[in-house]
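The sequence and the model are shown first.

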Amino acid sequence: MNEVIIYTDGACKGNPGPGGWGAWLKSGASEKELFGGELNTTNNRMELTAVIEGLAALKRPCRVVLYLDSQYVRQGITEWIRGWKAKGWITSTKQPVKNVELWKRLDDLVANHGHQIEWRWVKGHSGDPGNERADALANKGVLHAQGRL
């Protein structure tokens, strides 16, 4: 199995507002930068999309160390999702899960594509080079969504 390091981040200018996502993938000497965005979105949607797009870029099962600064995504995929699925995508407060279509896509990528994923939270905007690079890509995604790039 190839070993891949992925850093992801989302950005939003207003919440909701124009947003972007970024992912930086590294395996050995190979690197790949991904970014995109939407005009009317939320920060949580962009954080989720960054992780989804990073994992979707992998063409075969890999050992992945995935760095993200979103506790929402990390806790959602490692803790909350089992309960949501068991309750028919309903939260503990009996509300529909927000961003359910993105959570379902992420769940599929995690459960059905053979990856071994280690989820590592990093503090955002704290000087971590990989996180800073993913943040820059997410901001590039905002500009792209706005037609300014």
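Strand β1 runs parallel to strand β4 (residues 62–68), and seven bridges join the two; strands are DSSP runs of E with at least two residues, helices are runs of H or I with at least four, and both are numbered from the N terminus. Two strands count as paired if DSSP finds at least two bridges between them. The model is predicted: local features need pLDDT of at least 70 and side-chain atom pairs pLDDT 80 or more, while totals for chains, interfaces and linings use all residues. Residues are numbered from 1 along each chain as its sequence is written, and side-chain values use heavy atoms, without hydrogens and water.

| Partner of β1 | Sense | Bridges | Bridge partners |
|---|---|---|---|
| β4 (residues 62–68) | parallel | seven | N2 with C62 |
| β2 (residues 17–27) | antiparallel | eight | T8 with A23 |

The hairpin of β1 and β2 has four residues between the strands, and G14 there takes a positive phi near 100°. Eight of the eleven residues of β1 (residues 2–12) are buried, so the strand is largely enclosed by the rest of the structure; buried means under 20% relative accessible area with a 1.4 Å probe, protein chains only.

Helix α1 (residues 43–56) meets helix α3 (residues 100–112) through residues including L48, I52 and L55 in α1 and W103, L106 and L109 in α3, contact being heavy atoms within 4.5 Å.

Conventions. Buried means under 20% relative accessible area, exposed over 50%, partly exposed in between (1.4 Å probe, protein chains only).
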